[in-house]
Amino acid sequence: GHSTADIMPKRTKSEGSTCAKPKRAKSIHTEEKSETEKEEKDESGDNHLVAFIRGINVGGSNSISMVDLKSIFRDCGCNDVKTYIQSGNVVFKKEFDDQTTLETLSQGIKDGLDQFLNGKKPSSVVILFRSQLKDWMDENPFILNPPENTSQKYLYMGIFESEPAKDVVEKLRGLSSEGDAFEIVDRRLYMHLHTFAKSKVNSASFVKNL
């Protein structure tokens, strides 16, 4: 846990990274806001963000406490950091400078995890504005145009780090189970399934081909 006796010293940023070198959390953090810093916001003025980290705390591998995960985000200049159980889902706020984008922040988080986990990188780190995530959920094609004569009961959305190539998308269609329906829109994977656990969309063979 945090110690109330120590204050973390000011850290210098490593070359090519937007974040300070991560350290296992042993103390509280202080955050100073520069007068020259400006907040990057989406078009709605929202500066709340959400991060999805795949490949940590899975089957005892790449283990990290939520205290330490929050520390890595704070080292990257994030504040109001909150985690959801042990899943790798994080909500936070971030003030951006001219050198920082969602992409560089995502890479900084990944680099911090890489150093903390001694070279065991997470599979992916995806960061979105909260409002963007809501828009993408509202744009689910299976909500806008539900399939006819299907018994599917569950809707899911996955997010790629980058848009998959067309040949990869076609290959994935051949792996889907009978009765499953999925659509890939840009970086989004929308799934309409009868059961997630038994679907090939959730299988290792499907993920392996992404």
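Where is Ile 85 found? This residue sits in the loop between E2 and E3, and we will come back to it in the last of these close-ups of a predicted model.

**Figure 1. The whole protein, before we zoom in.** Welcome to a chain of 210 residues, 39% of which count as buried. Six helices and seven strands make up its secondary structure, and along the sequence they follow the pattern β-α-β-β-α-β-α-α-β-α-β-β-α. Among contacts with a separation of 6 or more, 63% link residues 24 or more positions apart. The accessible surface is about 12,800 Å², and carbon and sulfur atoms contribute 48% of that area.

**Figure 2. An open sheet of four antiparallel strands.** Here the strands line up in the order E2-E3-E1-E4. From one strand to the next, the twist averages 20 degrees. As a reminder, strands of a sheet pair through backbone hydrogen bonds, either parallel or antiparallel.

**Figure 3. Strand E1 beside strand E4, with two helices packed on the sheet.** E1 (residues 48–54) and E4 run antiparallel and are joined by six bridges. To find your place in this pairing, look for Val 50, whose bridge partner in E4 is Leu 128. Helix H2 (residues 102–116) packs on the sheet and touches E1, E2, strand E3 (89–94) and E4; the direction of H2 makes about 145 degrees with that of E4. Helix H3 (residues 130–138) also packs on the sheet, touching E1 and E4, and its direction makes about 95 degrees with that of E4.

**Figure 4. Helix H2 and its buried residues.** How far apart are the end C-alpha atoms of H2? They are 21 Å apart, which agrees with the 21 Å that its 15 residues should span at 1.5 Å a residue. The buried residues of the helix are Leu 102, Leu 105, Ser 106, Gly 108, Ile 109, Lys 110, Gly 112, Leu 113, Asp 114 and Phe 116. When reading such a list, keep in mind that an α-helix has 3.6 residues a turn, so residues three or four places apart point the same way. The buried residues of H2 pack against E1, E2, E3 and E4, and also against helix H1 (66–75). After H2 comes Asn 118, with a positive phi near 55 degrees.

Figure 5. Cys 78 is buried, with a relative accessible area of 0%. Searching the whole structure turns up zero disulfides.

Figure 6. Asp 80 is not a glycine, yet its phi is positive, about 50 degrees. Asp 80 is found in strand E2 and is partly exposed, with a relative accessible area of 44%. Ile 85, our opening residue, is not a glycine either and has a positive phi of about 40 degrees. Its place is the loop between E2 and E3, where Ile 85 is exposed, with a relative accessible area of 57%.

Key:
Residues are numbered from 1 along each chain as its sequence is written. This is a predicted model: local features need pLDDT of at least 70, side-chain atom pairs count only at pLDDT 80 or more; totals for chains, interfaces and linings use all residues. Side-chain values use heavy atoms; hydrogens and water are left out. Two strands pair if DSSP finds at least two bridges between them. Axes are lines fitted to C-alpha atoms, for helices over the stretch in contact, and angles run from 0 to 180 degrees between N-to-C directions. Contact means heavy atoms within 4.5 Å. A disulfide is a pair of cysteine sulfur atoms within 2.5 Å. Buried means under 20% relative accessible area, exposed over 50%, partly exposed in between (1.4 Å probe, protein chains only). Accessible areas come from the Shrake-Rupley method with a 1.4 Å probe; for residues, only the protein chains shown count as cover. The expected span of a helix is 1.5 Å times one less than its number of residues.
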